[in-house]
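I opened the notebook to record what I looked up in this structure, entry by entry.

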Amino acid sequence: MAITADYHLHSYFSGDSQTPLEEMIQKGISLGLTTMCFTEHMDMDYAYVNPEDKGLFDLNTDSYLYELATLKGRYADKIKILFGVELGLQPHLRRELALYAKSFPFDFIIGSSHICNGKDPYYPYFFEGRSDEEAYREYFGSILDNLKAFSNFDVYGHLDYVVRYGKSKDAEYSYEKYKDILDRILETLLEKEKGIELNTGAIGSGLKELNPCTGILKRYKELGGEIITIGSDAHEPGAIARGFDRAAQVLTECGFKYYTTFENRSPEFHRI
């Protein structure tokens, strides 16, 4: 396996996972990973569809950090365990997010768009009454709004997350079709010296490609982008490092010679 660091992982500290941290770590060791960076969900002001779910994505960061530190020591001779978070970005939360990001000694922060103008594309209602193109463009526009409001993250996660849930998914989707707005996103990320994530969680979602699609990866490279982390977005052990051989192949085809890891918020490059 050319890529041995999984930089997008969730355990039972994320509201959408049931798996203990230690179980995830043991699976990573058995797969031959050298590094696992957990990135539990912190989605402030999430748009809950079911009122009884309220608070599901409010991370108990103190408990998470305590358990992670314990397990990091326990498995130090077998694997490197790092402390990350996946921040759900929304422009009106810029002050709260800024304070939170400074309050803990994170090794790595993913900035992600789960909520677009008060709605999560995960739910069908986001697409009701309009075309996929209209919905996708609204989502990409919200990423630009987030980038104007907030910068304290290391990579932007699954840039085209929205296509996982569209009515036609990525059957009619391509970088070229949305080049006007995607280029603005990529150029803004590069101006801010931020990277992107190649997320293999798209596997199993019925998509032709990973997130983001190959066209975005190629364009990011053409514009001078080098910082790219690889994450499985695993919420259970069976998905850890899923599709990493495919990810290595895609990155190589797009002209990348290295992938990136972070520790203490500093990037390190590793040959593919």
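I took helices (H or I, at least four residues) and strands (E, at least two) as DSSP runs, numbered from the N terminus.

On provenance, I note that this is a predicted model, in which local features need pLDDT of at least 70 and side-chain atom pairs count only at pLDDT 80 or more, while totals for chains, interfaces and linings use all residues. Residues are numbered from 1 along each chain as its sequence is written, and side-chain values use heavy atoms, with hydrogens and water left out.

Seven strands form an open sheet in the order 1-2-3-4-5-6-7, with parallel pairing; two strands pair if DSSP finds at least two bridges between them. Strand 1 (5–9) and strand 7 (228–231) stand at the edges with a single partner strand each, so one side of each is left without a neighbour in the sheet.

I asked why strand 3 (residues 80–88) is described as largely enclosed by the rest of the structure. The reason is that eight of its nine residues are buried, where buried means under 20% relative accessible area, exposed over 50% and partly exposed in between (1.4 Å probe, protein chains only). Strand 3 pairs in the parallel sense with strand 2 (residues 35–42) over eight bridges, and five bridges join strand 3 to strand 4 (residues 108–112), again in parallel. Gly84 of strand 3 stands opposite Thr39, and in strand 4 the bridge partner of Gly84 is Phe108. Gly88 has Ser112 of strand 4 as its bridge partner.

I looked up the nonpolar cores, each a set of buried Ala, Val, Leu, Ile, Met, Phe, Trp, Tyr and Cys residues joined through side-chain atoms within 4.5 Å. The largest has 86 residues, and those with the most contacts inside it include Phe38, Leu87 and Tyr173. Helix 4 (residues 132–149) gives the most to this core, with seven residues. Apart from it lies another core of five residues, among them Tyr46, Tyr48, Phe57 and Ile115.

A search of the whole structure finds zero disulfides, a disulfide being a pair of cysteine sulfur atoms within 2.5 Å. The sulfur of Cys254 is 9.2 Å from the closest cysteine sulfur, in Cys213, too far for a bond. Cys254 is buried, with a relative accessible area of 7%, and Cys37 is buried at 0%.

Leu56 lies in the loop between strand 2 and helix 2 and is partly exposed, with a relative accessible area of 36%. Not counting residues up to four places away in sequence, Leu56 touches Gly15 and Tyr48, contact meaning heavy atoms within 4.5 Å.
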